[in-house]
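Here are some notes to read alongside the model, written for someone opening it for the first time. Keep the 3D view open as you go.

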Amino acid sequence: MNSGEEREPACDPDFSAGHPERPATPEGSGHAHDHGLQGATTATGKHRKRLIIVLSITLSVFLVQVIGALISNSLALLADSGHMLTDATGVAIALIASLIATLPTNSKRTYGYLRVEVLAALVNGIVLGVIAVVIFVQAIARFGAEVEIESGIMLWAAVFGGIANLVSLLILRSGQKESLNVRGAYLEVLGDLLGSAAVVVAALVIMITGWTTIDQIASIAIALLIFPRAISLLRDVVAVLLEGAPQNIDVDVAREHMLAVPGVSEVHDVHAWTITSGVPAFSAHVTVTDAAWDERGYHAILDELRACLHEHFDTDHTTIQLEPVSHGDAGQHP
């Protein structure tokens with residue numbers, strides 16, 4: 001028997017004796033019992049308002065810094081403003097993707113457009129990496145050239161950017177663990193904050209000593225801050241696209257939990273993957289003893305299995321195929 005999203009399980013079934021205890025959850029946290037994809041809220045969608053605020057702040061900082069860079073002739077400040085523009089583009093892509101992801105499913109796209117968010121994060125990671133390489137190359141090419149830098153303008157523009165980045169970082173902090181796109185924006189803002197700090201230090205050094213080479217050094221430092229974050233984001237995106245198990249689901253542990261349900265004799269063909277950030281999925285083929293099938297009924301067994309996955313692994317989008325042992329035996333011996 002196949003059982004997926006079409007039947008709502010009991011919301012609070014009791015676990016059988018011997019089953020791992022239900023983990024404690026913070027008061028009022030709860031979980032949504034939405035087992036289908038229609039109308040599902042993605043992790044990025046939950047934090048859309050935060051992303052809009054951060055986008056507004058980022059664009060404002062970009063304008064201030066690019067004007068300051070052109071006036072001061074600072075490559076480090078221009079690099080930081082370029083990174084800010086990349087951040088703004090990444091956040092805009094994430095916002096657009098989160099809206100597209102709300103489009104309904106259909107017979108050709110059974111997951112709808114949820115993966116658009118993951119593709120947006122992929123583009124964001126690639127652009128981040130390219131920007132880092134360009135900044136690094138430009139900084140190297142500028143070594144040995146005589147440049148005149150207005151350190152005062154450079155300093156104030158960097159300070160403004162640093163304060164704005166700190167505000168954006170605090171806004172995104174709570175959502176960066178749930179969504180790849182929010183995490184990408186968070187990492188970018190974090191890099192911007194460190195980049196602004198590097199520009200501030202460079203401006204102070206130039207102001208005090210007149211040593212302009214520090215501007216190129218700061219640019220290289222910013223590039224080296226950006227690149228590892230791009231690699232980290234791309235690694236997470238690839239894990240989703242390759243349908244790796246979500247971080248909160250250990251497949252072997254999940255199988256052990258399911259085997260603890262009375263009557264379950266075998267759990268195989270277990271798969272766990274992430275459709276998009278905040279939407280994990282799980283499927284398994286479960287064999288039940290004939291005695292348990294007759295005594296408990298498949299509804300009770302199914303409810304306990306799904307409650308287990310919901311409570312212990314925070315997974316609601318589950319598809320479980322149940323069958324009695326005799327059904328498998330009959331299939332093997334026609």
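1. A term to start with: buried means under 20% relative accessible area, exposed means over 50%, and partly exposed is in between (1.4 Å probe, protein chains only). By that scale phenylalanine 160 is partly exposed, because its relative accessible area is 38%.

2. Before going further, some ground rules. This is a predicted model, where local features need pLDDT of at least 70 and side-chain atom pairs count only at pLDDT 80 or more, while totals for chains, interfaces and linings use all residues. Residues are numbered from 1 along each chain as its sequence is written, and side-chain values use heavy atoms, with hydrogens and water left out.

3. Back to phenylalanine 160, which sits in helix H5 (residues 151-172). Helices are DSSP runs (H or I, at least four residues), numbered from the N terminus. Setting aside neighbours within four places in sequence, phenylalanine 160 is in contact with Ser60, Val61 and Val64; contact means heavy atoms within 4.5 Å. Glutamine 65 is 95 residues away from phenylalanine 160 in sequence, yet their C-alpha atoms are 8.5 Å apart.

4. Now look at helix H2 (residues 48-72) and helix H3 (residues 75-100). Their axes come within 8 Å and cross at roughly 155°, which makes H2 roughly antiparallel to H3. Axes here are lines fitted to C-alpha atoms, for helices over the stretch in contact, and angles run from 0 to 180 degrees between N-to-C directions; under 35 degrees counts as roughly parallel and over 145 as roughly antiparallel. The residues of this contact divide into 18 nonpolar, six polar and three charged. For the classes, Ala, Val, Leu, Ile, Met, Phe, Trp, Tyr, Cys and Pro count as nonpolar, Asp, Glu, Lys and Arg as charged, and the others, Gly among them, as polar.

5. How do H3 and H7 pack? Their axes are 7 Å apart at an angle of about 25°, so H3 and H7 are roughly parallel to each other. On the H3 side, Leu75, Ala76, Leu77, Asp80 and His83 take part, meeting H7 residues that include Asp215, Ile222 and Arg229. This contact has six nonpolar, two polar and three charged residues.

6. H7 itself (residues 213-241) has 29 residues and reaches 43 Å from its first C-alpha to its last, close to the 42 Å expected. That expected span is 1.5 Å times one less than the number of residues. Just after H7, glutamate 243 takes a positive phi of about 60°.

7. Lastly, helix H4 (residues 116-142): its end C-alpha atoms are 39 Å apart, which agrees with the 39 Å its 27 residues should span. Buried residues in H4 include Val118, Leu128 and Ile135. Just after H4, glycine 144 takes a positive phi of about 90°.

Notes:
Helices (H or I, at least four residues) and strands (E, at least two) are DSSP runs, numbered from the N terminus. Angles under 35 degrees count as roughly parallel, over 145 as roughly antiparallel, 65 to 115 as roughly perpendicular and the rest as oblique.
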